[in-house]
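Let's take a friendly walk through this chain, from one residue up to the overall shape. Please keep the sequence and the 3D view open as you read.

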Amino acid sequence: MEKLLLDKTKVVESYLRLKNIHKVAEEFNVSLSPIKRILKESGVEITNRRYIVNDGYFDIIDTEERAYWLGFLYADGYIRERKSGNSLEVKLSVKDKDHLLLFRECIGSNHLIKESQSKVKYKDGISMSNMVHLAMYSTRLVESIKNQGFHSRKTFTIKKPKIQKEMTRHFIRGYFDGDGSFSFNPNNYTNKTQIVTASDEFKKFIIDELEGNNITIKLYSQIKLQIQNKMDNNKFYHYIYDEAKIYLKRKKEKYEKFRRYYGYNN
């Protein structure tokens, strides 16, 4: 009876729009069986996804937003590849939950953000940190970001991103927000920008890019790049933040405090 009442074309159109057979069945007020039958007869592959994401978000890095999040993921993202499916994941401190919510919005995802605790080992013992975790299950998304140079086990082997020159500063701002820091102490006049990476090729990429913009940055250990004078820190501020629309607010605020102290107006 249900089969006679249903318009096949409208069922297919509904499924292509909703991407969920349960929602299609609800829309037509029928059980799943006739919906499945019509889609099968129409040659439509059923991929019943509860959670969605813009799978092609990283296909082309042609905007500030995409370049920024690619850089952020180079620092704080990771891939899990399993027989059951692949996922792109991010885990941050709970204090940056709003930033993770912004990323989820930008990438068009409705995957859950879960809170947990992580153990961090120190010489004197173990510390517990409150974390937020986003896992987006999509083989298509994983392949998309891998095509941009991102890969699993990237700590020592990450390479220069495959992006246009004009997108580079947005990418570096994203990476800095993930694996960078700025410290300022007016009592002893110290100010230091630090970017962490264990990849020799990636270190060279950052050094070449910043020095090409007249910003002196030096390697101070095997994994740390540092800017240690106020003039270059002010230049770095302009390099990453001028006309920027997306950034981690708490880090930008530290630079603004530093700039107010030294009276920088430009």
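## A buried isoleucine and its surroundings

Ile 79 counts as buried, at 8% relative accessibility; buried means under 20% relative accessible area, exposed over 50%, and partly exposed in between (1.4 Å probe, protein chains only). This is a predicted model, in which local features need pLDDT of at least 70 and side-chain atom pairs count only at pLDDT 80 or more, while totals for chains, interfaces and linings use all residues. Residues are numbered from 1 along each chain as its sequence is written, and side-chain values use heavy atoms, with hydrogens and water left out.

Ile 79 belongs to strand S1 (residues 77-82). Helices (H or I, at least four residues) and strands (E, at least two) are DSSP runs, numbered from the N terminus. Which residues touch Ile 79, leaving aside its neighbours within four places in sequence? They are Ser 87, Leu 88, Val 142, Ile 145, Lys 146, Phe 150, His 151 and Ser 152, where contact means heavy atoms within 4.5 Å. Glu 89 is 10 residues away from Ile 79 along the chain, and their C-alpha atoms are separated by 6.2 Å.

The table sets out two helix pairs. Axes are lines fitted to C-alpha atoms, for helices over the stretch in contact, and angles run from 0 to 180 degrees between N-to-C directions.

| Helix pair | Angle | Axis separation |
|---|---|---|
| H2 (residues 8-18) and H4 (residues 32-41) | about 95 degrees | 10 Å |
| H8 (residues 168-179) and H10 (230-241) | roughly 110 degrees | within 8 Å |

The angle makes H2 roughly perpendicular to H4, and H8 is likewise roughly perpendicular to H10. Angles under 35 degrees count as roughly parallel, over 145 as roughly antiparallel, 65 to 115 as roughly perpendicular and the rest as oblique.

In the contact of H2 with H4, Lys 8, Val 11, Val 12 and Tyr 15 of H2 meet Ile 35, Ile 38, Leu 39 and Glu 41 of H4. These residues divide into six nonpolar, no polar and two charged. Here Ala, Val, Leu, Ile, Met, Phe, Trp, Tyr, Cys and Pro count as nonpolar, Asp, Glu, Lys and Arg as charged, and the others, Gly among them, as polar.

For the second pair, H8 contributes Thr 168, Arg 169, Ile 172, Arg 173, Phe 176 and Asp 177, and H10 contributes Phe 236, His 238, Tyr 239, Ile 240 and Tyr 241. The contact of H8 with H10 comprises six nonpolar, two polar and three charged residues.

## Two loop residues with positive phi

Asn 29 is not a glycine, yet has a positive phi of about 55 degrees. Asn 29 sits in the loop between helix H3 (21-28) and H4. Is Asn 29 buried or exposed? Asn 29 is exposed, with a relative accessible area of 71%.

Glu 243, also not a glycine, has a positive phi of about 60 degrees. Its loop runs between helix H10 and helix H11 (249-262), and Glu 243 is exposed at 73% relative accessibility.

## The chain as a whole

The protein chain has 11 helices and eight strands. Its radius of gyration is 23 Å, well over the 18 Å that the globule rule gives for 266 residues, so the chain is more spread out than a compact globule. That radius is taken over C-alpha atoms, and the rule is 2.2 Å times the number of residues to the power 0.38. The C-alpha trace spans about 80 × 45 × 35 Å along its principal axes.

Of the 266 residues, 43% count as buried. Among contacts between residues at least 6 apart in sequence, 64% join residues at least 24 apart.
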